[in-house]
Every structure is written in structure tokens, then in C-alpha cells.
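Visitor: I have a few questions about how labels get attached to a model. Could you take me through them?

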Amino acid sequence: MARIQLNNIAKSYGSVEVMRDINLTIEDGEFIVLVGPSGCGKSTLLRMIAGLEPISGGDFTVDGKRMNEVPPRDRDMAMVFQSYALYPHMDVARNMGFSLEIRKAPNEERTSKVALAAQTLGLTKLTERLPKQLSGGQRQRVAMGRAIVRDPSAFLFDEPLSNLDAALRVEMRLEIARLHQRLKATMIYVTHDQVEALTLADRIVVLNAGDIQQVGTPLELYDRPANKFVAQFIGSPTMNILEIEPGEGGIRLKNGAALSVGLPDGQKRASELGVRPEHLNIVAPDAAHLSGTAELVEHLGSDTNIHAHVPGIGQVLVREHGHFPLKTGEPVGIAVDLAKTHLFDPDGRRLAA
Amino acid sequence: MSALRRSTPLAVTGKYLALAFYVGFALFPLYWLAKIAITPDKLIYTEGTALFPSKVTFENFETVLVATDFLAYFKNSLIVSLGTAAITTCFAAAAGYAFSRFDFRGKRLVIALMLITQMFPLLMIIAPIYKIVAAIGLLNSLTSLIIVYTAFNIPFATFLMQSFFDGIPKDLEEAGMIDGCTRFEALRKIIMPLTLPGLGATLGFVFTAAWSELLFALMLINSNDTMTFPVGLLTFVSKFSVDWGQMMAAGVLALVPSCLFFIFIQRYLVQGLTSGAVKG
């Protein structure tokens, strides 16, 4: 159990500052997901929390105790690595019980804790195998077992599922969610996969280029992204961004079409309109805000993605539910769900309506 | 892989023929060594290049073991080679680990200097080495050989060990440190067992190098008590004749420790010990 606080955390390599003024409070028992594109600093941040990477500035506290210089072994955190990092010369049981072995826990305690974890993860029959005799999914489970056995105050996950195939990834995602429900421990999870972030997190931290872009629940990020980066990073397919200028009774698009979107106070600053593909609809030409031609129609079964070309604006992606009978090259009219649009200023910040 | 590669009987035969030819080529000198060792002295010249002597004798071995100082040379060589291998491997493992895992000021410079030492012929520094060893009063001692061999072998052995450490994912010791190890404990309990093949290879390499070194042994040693085996071999060459049979018998005996050593470390040389550590 741990309440983790990051106050003005900074990281630099020599004279190169890669991260600064990172502020974040993680409540006891919370599932926090750090998400962002490669190189955004999410793994570095996790490694600083784990103690594997020195913190260059600021305070890192756990339950109010400053931990900046505490070595990893005394932080009472368990970590699951992307590569699993199982000890190749130890069998599954010894891998899982290694932390207890190091702490010189009595033999019976070790055996019973390992057996319990193995049972939870369905590894009971594999305890005598070496890591090289296991499949990817089983290795992943052992890595999680190694963390569970310790009963740590916080779990750290560094892209734990990215080496698994798609089906296994979904299964393990569920397992991690169940694990969190059962243990109610603080968990910090790093991923670049927004689906993992949205499905697992109590709160998501979106990082880009060493800066926190936004912290919020999955739905907050989806409904009220703080800026264009978050808007485009969260949600799949990606949000459409259309250039606009203020017009009579609302805004005007680049091709001259007027939309009655209520402008907030700083109306003159709105320069872009964001609208998610699922908030656009294909309609009859006379009811449409935009008209163009369908350049590519992707039938996904549950959804149909229509990549439309709108003269004067460019590519617009529309997502319709279910099968949508449309062929490439057909003319389309597009209606915008005006209540669900987002306005951005020239710096990419969202203007609250 | 193998299922993809269609091999015809012809290709298989060709492959084995090539291998057989190579093995024959590589082992023929050893065969010749053994052959002359068991050939009676008077037949060596008369039978010339016959592949097998018409009469076999073990007299040469007996003479070498009983009538010469061979056993003393052998013991000296063993002390020097084992000493050199052990000390070099310790240093090389420590240095290789540091080069592999840490970034520190001057790292590139040290690596460059170590490389440079490997780039010029040893002959150039024989005289200065002799002067140094003489000045500290270590001439005619096995210690001097151990020191000199260790110094010469450390750079290569370090690079060898570094490449073994590089092959072990960093994640493993980080996982160990999170699991409660100090860095040293992680090194000892996790990295060390995985480096055994590397340690074995390095030990073997250095042992063999020290075992067969002649130049410095010849320069730094001239008393019969401290002669190593390669120097001792030269005692079979006298002013007027060469005792081929005894020399070759001694040579065969000298192969024994090397062979034993490699049989012993062979199981550590088997690769793939780290497989399964990370995704595969």
C-alpha cells in the first residue's frame, strides 16, 4: 500500500535535460497508466520510480517519505519487465521465490507463497521448468508471479504485454485487471498502446517529449482532451483536425462552409476544429455540412471506416457503426455532431466551450 | 531452419567430405607428433615418411619421465599457466563487467590504450621487460612469468569477457536489484552463473597461451629449476643432434593438461545458457 508523489521531478543526461517539472500524485491502490509515443520518457519515469535510474531533481516520496536516493531493493516495489527478465538458470519456482530467498524468508513461507502465486496464475504444473522451456505467455505469467509473491507496496509494469501476440495480449490484460481488483495495490503501468491505457487505468498520464500533457480518467481524456496532442493520441481511429477561422454565428472551414459551433471567450484564437471519426455521419447531400467523395472504405464488421476526400479541406475520416453500404468513389455528404467538437488555439491548447 | 533447407545426399556427402578434409588437415601434425613419439630412434630416419612405424615403442616416454627433468618443467608450466589463467580471468571479468555495464570518465581512452598494447610485436619490448624484471630481482622466477603473461593477456581477455557480459541482458540484474539484491549480489547470484561459459572460454584461452609461450620464458628463465615446459623442450636439442623421439614424447605429454582442461570446461562452453531469459 503506497501513496506515491512526484514533485518537480527532473531528469537529465549530462547537460541534456529530458524531463522537468513532473508533478503527479498517485493515490494508494490506484492504477495509473503512463502512456505516450516512443521516446516520450514514460519508461524513464518508471525506472526513476523503481530506483533503476537516478533522479536528477525534485522529490520522490512514498507515503510522505523521500525516496530519491533509496536503492531499488529497499523501495518495496516489484517490477514486471517488457523482456520478462526471468533468471534463465533458475526454475519457475525459484524465479518466483527469488526475492524471498534473498530476504532469507523461511523455507515454508517461500514454498507456500510461491505455490499460491503459481496456483493463481495457472503455473502449478510448470514450477520445475526453466524459463527457456516456457512459451511467451507462460514467461509473462512467471514474471507477474515473481511480482505477486513479494506482496509489494506498489507494482510497476514496463510495457509487459508488447512481446505477446494479439490474442494473448487481450487475455493477459484481463488478468492484470483482475489482479488489480484482487490485490488493490498501487500499480503504475507503462504502455504505448492506448487500448491498454483506456481499459486498465483508473487515471491515465499522457506524456510527450518529457512533459505531462494531461492526467485524467480515460473518459476525461476522451471527452475533454487538454490539447491537440492528447486529442489525437487517445481514441482510435485518430481525431480529424480541420483548419478553421471565426465566421458569422460560429466558425468557417477552409472550404468556406459555415458551422454553428459556439465559440468560447477567446473566440478569435480558435484556429482548428477537432472532431472524432465516430462523431461524423454520412448523410444525404442536402443535410450535410461537408460533401466529398469516398476514397477508401474499410469494412471492419463492427464498424465501417470511410476515408473521404473533401475539396478544399482534404482527408476526413468518418466512422459508421456496423455495415455501411458504400463503395469507393461514391459521393458522400458528411454531418458533424456539433455538440462533440473540440476547438484548439494556435498553440494546440483546447478551448473549453 | 533445417526443415526449410532441402539437403540432397550429394550436398550432405560433400559437407562431410569437406569437414573430414579439414579435420584431417588440422590434426595431421598432432598425429605426426604422436607417431614419431612411438617410433624407435633408429627407425626415425630409415622409415622416413611412412604413415605408421613398423615397430612401436614406449621407450621415449619412459626416458622422458624418468631420465630427464621433464616432470619439473611440467610442474613449473602448470603453476605458471594456472596462475596466469586464474589471475587474468579475475581481472578480465571485473574489467569486462565494468566496460559492459558502467559509463565512466576515460572509458574510451582505457579501451583505446588496451587495444594499442595488442598492436605491436612483443619482440619490441623484450629488452625493457628484461630490464624491469631484472631490476626488481625476479629473474629466474615463475612469478615473473605469471606477471608478464598476465599483463599481456589481460587486454584480450577483457574484451572477451566484455562481449560475454554484453550478451547478458541488463534487465536481469535490474530485476535482481528490484527483487532485493545489491548490485554485487545480483552479479554473484544472477550474472556469474550465466557467465560461466565466458569464464571457461577465457580461462582456456589464457591457459593455452601461457602454456605454449616460449619467447619470454626463454628470456627470463635460464636456471633448470624454473624452466617451463616449452623452454625445457629445447634441452632435447643438443649441439650435435636432436632427440626427436624424446622431444615428441614430451610434446605428447604436454598436450595432456590442455586436453584435460578443455574437457573439464567444455560443458561451460556450451552456449544457449541465457536463452529463455528474455523474450524469444
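Guide: Gladly; here are some labels, each set against its definition. This is a predicted model, in which local features need pLDDT of at least 70, side-chain atom pairs count only at pLDDT 80 or more, and totals for chains, interfaces and linings use all residues. Residues are numbered from 1 along each chain as its sequence is written, chains are lettered from A and ligands numbered from 1 in the order in which they are written, and side-chain values use heavy atoms, with hydrogens and water left out.

Visitor: Why is A:T191 called buried?

Guide: Buried means under 20% relative accessible area, exposed over 50%, and partly exposed in between (1.4 Å probe, protein chains only). A:T191 has 3%, so it counts as buried.

Visitor: Why is B:C90 called exposed?

Guide: Its relative accessibility is 56%, so B:C90 falls in the exposed class. A:C40, in contrast, is at 2% and therefore buried.

Visitor: What makes the pairing of A:T191 and A:E196 a polar contact?

Guide: The term needs a pair of N or O atoms within 3.5 Å; within protein, one must be able to donate a hydrogen and the other to accept it, and residues adjacent in sequence count only if both atoms are side-chain atoms. The side chains of A:T191 and A:E196 meet this at 3.0 Å. The A:T191 side chain also reaches the backbone nitrogen of A:D193, at 2.9 Å.

Visitor: How many disulfides are there over all chains?

Guide: The count is 0, where a disulfide is a pair of cysteine sulfur atoms within 2.5 Å.
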